[in-house]
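Here is a brief report on one protein model.

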Amino acid sequence: MSRIGKNPIVIPAGVTVEVANGVVTVKGKLGQLTQEFTDVTVKVEEGQVQVERSSDYKDQRAKHGLYRALISNMIIGVSEGFTKSLELVGVGYRASNQGQKLDLALGFSHNIILEVAPEVTLETISEKGKNPIVKLTSFDKQLLGAIAAKIRSFRKPEPYKGKGVKFVGEVLRRKAGKSA
């Protein structure tokens, strides 16, 4: 983990990083993110962010790499953004959205309606002959992952036919069915 923590983070043009009272604030064209930190020091100098630790204790070594990765994800998020896509595999599985409300038909007796946070841009793609896709875009990687995991948890892919909600590109471990 210390190897990750030692790498400096280059600040791209249009992004400002401020450190004050144990809080890192990153502002960019897509939004603003904040992160509290402990047991490490964060320095901003010459267009780079450097994370340093004061000792070699195990918890400080772990937090060294952790906070470096979190700050790096914040900088990438406010400058470029993140995208996750989920695919609905199954007969009759549908997805639609009205603004920030996602309406999922996943084979239950009722549709599931999920109110998505305003920081996340929601898009549903339904083409004839292809599985519906739910595309989520945001500058906050943690929030994006949490919402994508919540949508996937409504109907996880099963191992026999692969029916359910899966990430695009996710490789499922398939099982053989009954052999007669």
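## Helix H3

The model is predicted: local features need pLDDT of at least 70, side-chain atom pairs count only at pLDDT 80 or more, and totals for chains, interfaces and linings use all residues. Residues are numbered from 1 along each chain as its sequence is written, and side-chain values use heavy atoms, with hydrogens and water left out.

## Buried face

Leu144, Ile147, Ala148, Ile151 and Arg152 are the buried residues of H3 (under 20% relative accessible area, 1.4 Å probe, protein chains only). Down the axis of H3, they fall within an arc of 140 degrees, so they line one face. The arc uses directions from the helix axis to the C-beta atoms. Their cover includes strands E7 (82-89), E9 (101-105) and E12 (133-138).

## Loop residue Phe108

Phe108 sits in the loop between E9 and E10. Its relative accessible area is 36%, so Phe108 is partly exposed (between 20% and 50%). Beyond neighbours within four places in sequence, Phe108 is in contact with Phe154 and Arg155 (heavy atoms within 4.5 Å). The C-alpha atoms of Phe108 and Asp59 are separated by 45 Å.

Notes:
Helix = DSSP H or I, 4+ residues; strand = E, 2+ residues; numbered from the N terminus.
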